[in-house]
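Could you walk me through this model in my viewer, one selection at a time? I would like to know what to select next and what is there.

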Amino acid sequence: MTTPGIRPLVAGNWKMNGQRADGAALARAVVERARGAAAHACELLVCPPATLIAPVADALAGSAVALGGQDCHAAEKGAHTGDIAAPMLKDLGCRYVIVGHSERRTNHGEADAAVRAKAMAARAAGLVAIVCVGETLAERDAGRTIEVVGRQLAGSVPDGATASDCVVAYEPVWAIGTGRTPTSEEIAEVHARLRALLAERFPGGRFRLLYGGSVNAKNAATILPIANVDGALVGGASLVAEDFWTIAQAATRAAT
Ligand code: PEP
């Protein structure tokens, strides 16, 4: 259930999917569903691949649906072939950027310090960083979940972070794209711990805590009402506008 006073966020991570035509069509389909007052109780965000940010920005123009990147470099500009700087995302109309997604941590060897540097670059560019943390299955099985996410949180969220420039997403690695999710009690336990750690380090900060990992149109109504879940980071289901919208409606219901 969304923490009182916090507006839920439902973010779609399109990952490496889509060509120009279908990316713009998906964005328009989300905008179409989000029209109307009820939609505004929950903030909607889509994070297309870098190649689609410009056409998706056009499709979202004038709507309340926010735009985000899936990653950024820690540097403002320079000799970093293939990378994208946070100010470039800002220039294209992005409001958010995901950093430290487990696929980046695993496939690109990004450790907490690199994630923190990216979050700082995002803040410097005027973007909100969505900082992802989450344990592997081996870590969960070893009873190390709370320790691992606590360490990732401490290392990945920069000093001076505020609720206006940082969102935290708990994404168990083993739940991403697998159709498996933790139990409601397990999600509640991790979110309560993250909330407590953030409160200790940033007194008064009202950070949004998202859950991510196989959220879909069916389980959203169970996951979104869990205590300290202020929205969702959605992969696969965000590629289907109707499913994404169903999840957003579940978040809205959980917040009201
Ligand atoms: C993700 O990659 O952030 C994610 C949560 O993916 P999925 O919803 O497909 O598990």
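## The largest pocket

Select helix 4 (residues 102-107) to begin: with three residues, this helix gives the largest share of the lining of the largest pocket. Helices here are DSSP runs of H or I, at least four residues long, and strands are runs of E of at least two, numbered from the N terminus. The model is a predicted one, where local features need pLDDT of at least 70 and side-chain atom pairs count only at pLDDT 80 or more, while totals for chains, interfaces and linings use all residues. Residues are numbered from 1 along each chain as its sequence is written, and side-chain values use heavy atoms, with hydrogens and water left out.

Now show the pocket itself, with a volume of about 550 Å³. Next, pick Met16, Gln70, Asp71, Arg104 and His108, the closest to its centre of the 23 lining residues. A pocket is an open set of points on a 1 Å grid over the protein atoms alone, where a 1.4 Å probe fits and protein lies on both sides within 12 Å along at least five of seven lines; lining residues have an atom within 4 Å of a point. The volume is the space filled by probe spheres set on the points, which are joined across faces, edges and corners. Colour the lining by class and you will find nine nonpolar, nine polar and five charged residues. Ala, Val, Leu, Ile, Met, Phe, Trp, Tyr, Cys and Pro count as nonpolar, Asp, Glu, Lys and Arg as charged, and the others, Gly among them, as polar.

## The second largest pocket

Move on to Ile176, Gly177, Ser214, Gly235 and Gly236, which lie nearest the centre of the second largest pocket among its 20 lining residues. This pocket holds about 240 Å³ of space, and its lining divides into seven nonpolar, eleven polar and two charged residues.

## Rings and cysteines

How many aromatic pairs are there? The count is two, taking rings of Phe, Tyr and Trp (its six-membered ring) with centres within 6.5 Å; planes under 30 degrees apart are stacked, over 60 edge-to-face and the rest tilted. Select Phe202 and Phe207: their ring centres are 5.3 Å apart and their planes at 55°, so this pair is tilted. Phe207 is buried (under 20% relative accessible area; exposed is over 50%, partly exposed in between, with a 1.4 Å probe and protein chains only), at 1%.

Finish at Cys94: its sulfur is 7.6 Å from the closest cysteine sulfur, in Cys47, too far for a bond. Disulfides, pairs of cysteine sulfur atoms within 2.5 Å, number zero here.
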